[in-house]
Amino acid sequence: MIAQKDKKTVYHTFMLCNIIILCLIIFVSLSVGAIKIALVDLVNALFGRGEDSTVFVLQQLRLPRTLLAMFIGATLATCGTILQGLFRNPLADPGIIGVSAGSALGAGIAIVLLPTGFFLGYGTNLIAIFAFLGGLFATLLVYQVGKTGYGTKMLLILLSGIAIGSLAFAFLGLLQFIADDQALRTLTTWQLGSVANGDRYAVGLSAVVFFIVFYYFYRQSLKLNAMLLGDLEARHLGIDIEKIKKRCIYSVALAIGVSVSIAGMIGFIGLVVPHICRTILGADHRTLLPASALSGAILLLVADVLARVVAAPAEIPIGILTALLGAPFFIGLLIKNKEKL
C-alpha cells in the first residue's frame, strides 16, 4: 500500500511540475520572436485589445503555432507510448510501422507530380491529404505483411515497417531527382518539419485527432497493461489481442499520418518521451499515457521556441532540433540495451 501511495505521489508531482513548465513555455512561445511582446501587451492582445499589429501577430501567428506544437508533440508521444507497449520494446518509435515514410512519399507525389496550377490555392490541403493517404497505405501494407495464420507477429510488422519505409524513401529520392527547383525547395522544407504554417484548421484537426486517439488508448489501458505480460498471458485473461493490436496500429497510423501531413517529418519525440516517462513512472498505461502526452507537448514546444531564437532572425527547422536531441538518446538506448537485443 505504501509503495502504491508513493507511485501516486510521484505521478502527481510529475504532472504538476510538467503543467507548471508547460504554462511557462507557452508564455515564452507567445512572447518571443521577431517582435517581442510584453506580458501586459500579451494579455491585452489575447482579448483583441492593443495595437493591431500585436493582436495580429499573437492571434494569427503565434497562438496557432503554439497550440499546434503542443498537440503534435502530445500525439507523437502518445503514439510512441502505445507502440513501445505493443512491441514490448523501449526502442520502438512511430516511424517503425512505415507511416512517416509513407506520409513523406505521399506529400512528395503531391508536390512534385501534380501540376502547380492544380492546387489553385489549396496546395497545402492537398499535400496533407496525399501525405495522410500515403501513411495509411504504408500502414495497411505493413499490417498485411505482419499477419500470419496464427495472428499478427509484431516482429514481422517491425521488419516489414523498416523495409517499406526504406522503399518509400527510395521513391522519395527519385521524386527529388526529377523535381524542379520550386518543388524541390517545397519538398525539402516539408521534410525538415515545421509548425510555422499552423492555422486554425490545422490546430482544430490536430486537436480532434489527438483527443480521439488518446481517449481510445486510455480506455484500453488495462488491456495494454495485461499485454505487457505476453500474448499468451493476455489471452488467458480473455483479451482479444489481435483486435487490440489491429485497432491500436490503425489508430497510430491515423494520428501519425495526420500529424506528419500537417507538420512534416518530426522524429524522435515518440521515442524519447515515452522512455523517460516509463523510467520515472513505470509501465502502467493509466499514468504513462497522460504523462507522455503532456511531456511530448512540452518537448516539441521547447524545440519550436529554440528553432525561432537560436538563429534569429532565421529559423531552424524543428525536425533538425528533434533529431539532434533524439539521435544521441537513441544511441544511448542501444548501448544500454545491447545485451538484450
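Me: What share of the contacts in the protein with a separation of 6 or more joins residues 24 or more positions apart?
Reply: This is a predicted model, in which local features need pLDDT of at least 70 and side-chain atom pairs pLDDT 80 or more, while totals for chains, interfaces and linings use all residues. Residues are numbered from 1 along each chain as its sequence is written, and side-chain values use heavy atoms, without hydrogens and water. A contact means heavy atoms within 4.5 Å. Among contacts with a separation of 6 or more, the share from residues 24 or more positions apart is 76%.

Me: What radius of gyration does the protein have?
Reply: The radius is taken over C-alpha atoms, and the globule rule is 2.2 Å times the number of residues to the power 0.38. For 341 residues a compact globule would come near 20 Å, and the protein agrees with this at 21 Å.

Me: How many of the residues of α4 are buried?
Reply: Helices are DSSP runs of H or I with at least four residues, numbered from the N terminus. Buried means under 20% relative accessible area and exposed over 50%, with a 1.4 Å probe and protein chains only. Helix α4 (residues 99-112) is mostly covered, and of its 14 residues the buried ones number 13.

Me: Is F47 buried or exposed?
Reply: F47 lies in the loop between α2 and α3 (52-87). Its relative accessibility is 60%, so F47 counts as exposed.

Technical notes. Helix = DSSP H or I, 4+ residues; strand = E, 2+ residues; numbered from the N terminus.
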